[in-house]
Amino acid sequence: MIEVGKIKPFIKWAGGKTELLPVLEQQLPKEIRKNKEIDTYIEPFVGAGAVFIYLSSNYKFNRIIINDINYKLINVYKSIKNNCNELIYDLEQLKKEYLSYEEDEDKKEMYLRIRDEFNNWKSVNKIKQAANFIFINKTCFNGLYRENSKGGYNVPWGQHKSPSMYDEIQIRNMSKILNTKDNEGNEKVIICCGEYKDLEKYVDENTLVYMDPPYRPITKSGFTSYNKSGFNDDAQIELAKFYEKLSYKGAKVMLSNSDPKNYQEDDEFFDDLYGKFNIQRVSVSRMINSKGTGRGKVKEILVTNYK
Ligand SMILES: C[S@@+](CC[C@H](N)C(=O)[O-])C[C@H]1O[C@@H](n2cnc3c(N)ncnc32)[C@H](O)[C@@H]1O
């Protein structure tokens with residue numbers, strides 16, 4: 001039995017939405033909130049999936065489609081779905097080894113060894129790589145995901161003595177959700193890996209789409225870069241066209257992004273892009289620089305195409 005509302009993301013992820021969940025829930029279409037029921041839910045930039053996990057464990061649904069361009073991340077979802085026992089076994093081995101080291105030097109050496117293995121993607125099977133992903137996320141500096149120009153993950157060791165590596169119950173509950181079937185035995189949750197635009201074919205007037213794209217950079221260091229492809233202003237403009245297309249199809253669409261007005265009062269970028277829709281600004285506490293030392297309240301924008 002899944003403990004409703006208790007499932008949390010299995011990794012830390014830049015832009016994670018756990019803190020914003022109550023606000024986001026308030027902004028869902030009224031019918032959905034009232035009936036606690038969603039026909040089709042689509043999340044094209046799923047990341048660690050805070051919103052997906054919350055909705056799928058608290059709302060009835062017919063179909064959910066999640067997607068991310070990061071294939072190493074999507075491999076974790078697929079392993080949780082298809083190979084839960086093996087994944088937990090591999091995670092336990094990693095945890096035991098890490099905690100068996102008393103010296104920082106040994107812990108760091110292990111981190112770097114697993115990071116090398118992770119970057120040498122085909123050197124071990126995909127389940128082990130999913131375990132490596134979670135291990136690295138819990139032991140790296142600040143849960144960051146950053147790749148160099150060749151796509152190699154390059155975040156340094158986080159100096160954690162005894163991090164909470166993984167929660168077996170959470171992973172098993174997640175696996176149950178990912179394996180939910182309808183009365184005819186069809187899978188209710190579809191996991192995709194690719195460009196957000198590829199999801200258009202699934203969208204109709206009974207669909208709720210939540211989009212949480214990479215943030216428009218809020219520091220000059222471009223701290224929003226998740227992978228080597230980047231997501232610049234042109235990409236945000238393309239996304240706004242996609243938003244409009246989905247609206248035209250009759251879907252209910254909610255989008256979040258960082259508010260550029262946090263740093264420049266007269267920056268109207270999103271106000272111009274989404275001028276036709278409803279824009280709200282909400283407060284959220286965020287890490288505001290890449291050194292991880294600065295947390296503070298900043299505004300985030302929420303765009304909906306419904307009231
Ligand atoms: C802000 S994060 C999402 C955070 C998520 N809401 C959470 O709670 O963890 C943005 C995600 O978009 C993904 N992404 C970047 N470009 C993409 C694209 N063109 N299509 C699909 N996903 C993309 C990144 O890999 C990243 O996981």
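Reader: By class, how many nonpolar, polar and charged residues does the shell around the ligand have?

Author: In this predicted model, 21 residues surround the ligand. Among the closest are Phe45, Ala48 and Asp212. Sorted by class, the shell has 11 nonpolar, 6 polar and 4 charged residues.

Reader: Which strand is joined to β1 by 6 bridges, and through which helix does the chain cross to reach that strand?

Author: Strand β1 covers residues 37–43, and its partner over the 6 bridges covers residues 60–68 and runs parallel to β1.

Reader: Which residue in β4 is the bridge partner of Tyr41?

Author: Strand β1 also pairs with strand β4, which spans residues 207–211. The two strands pair in the parallel sense over 3 bridges. Within β4, the bridge partner of Tyr41 is Leu208.

Reader: Is Val253 buried or exposed?

Author: Val253 has its place in strand β5, residues 252–258. A residue with 20 or more other C-beta atoms within 10 Å is classed as buried. Because Val253 has 23 C-beta neighbours inside 10 Å, the residue counts as buried.

Reader: What is the C-alpha to C-alpha distance between Val253 and Ile42?

Author: Leaving aside residues up to four places away in sequence, Val253 touches Val209, Tyr243, Leu246, Ser247 and Asn305. Val253 and Ile42 are 211 residues apart in sequence. In space, their C-alpha atoms are separated by 9.5 Å.

Reader: Where does Asn142 lie, and why does it count as partly exposed?

Author: Asn142 is not a glycine, yet it has a positive phi of about 60 degrees. The residue lies in the loop between α7 (126–139) and α8 (168–178). Residues are exposed at 12 or fewer C-beta neighbours and buried at 20 or more. Asn142 has 14 other C-beta atoms within 10 Å, and therefore counts as partly exposed.

Reader: Is Gln159 buried or exposed?

Author: Gln159 likewise lies in the loop between α7 and α8. Its phi is positive, at about 65 degrees, although Gln159 is not a glycine. Since the limit for an exposed residue is 12 or fewer other C-beta atoms within 10 Å, and Gln159 has 12, this residue is exposed.

Key. Residues are numbered from 1 along each chain as its sequence is written. This is a predicted model: local features need pLDDT of at least 70, side-chain atom pairs count only at pLDDT 80 or more; totals for chains, interfaces and linings use all residues. A residue is near a molecule or strand if its C-beta atom, placed from the backbone, lies within 6 Å of it. Ala, Val, Leu, Ile, Met, Phe, Trp, Tyr, Cys and Pro count as nonpolar, Asp, Glu, Lys and Arg as charged, and the others, Gly among them, as polar. Helices (H or I, at least four residues) and strands (E, at least two) are DSSP runs, numbered from the N terminus. Two strands pair if DSSP finds at least two bridges between them. Two residues are in contact if their C-beta atoms, placed from the backbone, lie within 7 Å.
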